[in-house]
Amino acid sequence: MRDFLCSDIANIHHMTNLPGDPDLAIAAGRGLCENLLEPLQATFGRLAIRSAYRSPEINAFGNTHFNNCASNAADRARHIWDQRSEDGGMGAMATIVVPWLIDRLEKGMTWQAMA
């Protein structure tokens, strides 16, 4: 969970990036890990987490100041793991780097070939 909570925005601007509903965030993160990240890691090796959980405050700050985060309404049950989407859905999302692919790009492989 530590990797998921790391936020450049929070670190640079001395903000806290902790979920208001830890149980929901953990359940959503567990689903992300079990259904997507762990199978990817089993296939391609270690993954690098680039962006994952964002508190509503961090997400809104990124949206307002940098225009690089979606609105809070759009990011609920996506990057904002501890809030359900408008239709009640639970979810989690992460932006990752797959070093396995990066190492092969120089040899001409593309992400489409990996997919």
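Does Asn67 count as buried or exposed, and at what relative accessibility? At 66% relative accessibility, Asn67 counts as exposed, where buried means under 20% relative accessible area, exposed over 50% and partly exposed in between (1.4 Å probe, protein chains only). The structure is a predicted model, in which local features need pLDDT of at least 70 and side-chain atom pairs count only at pLDDT 80 or more, whereas totals for chains, interfaces and linings use all residues. Residues are numbered from 1 along each chain as its sequence is written, and side-chain values use heavy atoms, with hydrogens and water left out.

The protein chain contains 7 helices and 2 strands, taken as DSSP runs numbered from the N terminus (helices H or I, at least four residues; strands E, at least two). Read along the sequence, these elements follow the pattern α-α-α-β-α-α-β-α-α. The C-alpha trace spans about 40 × 30 × 25 Å along its principal axes, and 32% of the 115 residues of the protein chain count as buried. Among contacts with a separation of 6 or more, 63% are accounted for by residues 24 or more positions apart, contact meaning heavy atoms within 4.5 Å. The accessible surface of the protein chain comes to about 7300 Å², and 52% of this surface belongs to carbon and sulfur atoms; the areas come from the Shrake-Rupley method with a 1.4 Å probe, and for residues only the protein chains shown count as cover. The protein chain carries 10 positive and 13 negative side chains, and the centres of the two sets lie 5 Å apart. In this count Lys and Arg are positive and Asp and Glu negative, with His and the chain ends not counted, and the place of a charge is taken as NZ of Lys, CZ of Arg, CG of Asp or CD of Glu.

A nonpolar core is a set of buried Ala, Val, Leu, Ile, Met, Phe, Trp, Tyr and Cys residues joined through side-chain atoms within 4.5 Å. The largest such core has 14 residues, of which Phe4, Leu32, Leu37, Trp81, Ala92 and Val98 touch the most other members. Helix 3 (residues 22–44) gives the most to this core, contributing 6 residues. A second, separate core of 5 residues includes Ile9, Ala10, Phe61 and Cys69. When neighbours within four places in sequence are left aside, Ala92 is in contact with Ala28, Gly29, Leu32, Ala77, Arg78 and Trp81. The phi of Ala77 is near 65°, a positive value in a residue other than glycine.

The structure holds 4 aromatic pairs, for which rings of Phe, Tyr and Trp (its six-membered ring) pair if their centres lie within 6.5 Å, planes under 30 degrees apart counting as stacked, over 60 as edge-to-face and the rest as tilted. The rings of Phe44 and Trp100 have their centres 4.8 Å apart and their planes at 55°, so this pair is tilted. Because Phe44 lies in helix 3 and Trp100 in helix 6 (residues 99–105), the pair ties together parts that are 56 residues apart in sequence. Phe44 is buried, with a relative accessible area of 17%, whereas Trp100, with a relative accessible area of 25%, is partly exposed. One aromatic cluster is formed by Phe4, Tyr53 and Trp81.

In helix 4 (56–65), the residues Pro56, Ile58, Asn59, Phe61 and Gly62 are buried, and what covers the buried residues of helix 4 includes helix 2 (8–12) and helix 5 (72–75). Gly62 has a relative accessible area of 0% and touches Ile9, Asn67, Asn68 and Cys69, not counting residues up to four places away in sequence. The C-alpha atoms of Gly62 and Asn35, which are 27 residues apart along the chain, are separated by 28 Å. The loop between strand 1 (48–51) and helix 4 holds Ser55, a buried residue with a relative accessible area of 1%. Apart from its neighbours within four places in sequence, Ser55 is in contact with Thr16, Asn17 and Leu18.

The loop between helix 4 and helix 5 is the place of Asn67. Most residues other than glycine have a negative phi. Just after helix 4, Asn67 takes a positive phi of about 55°.
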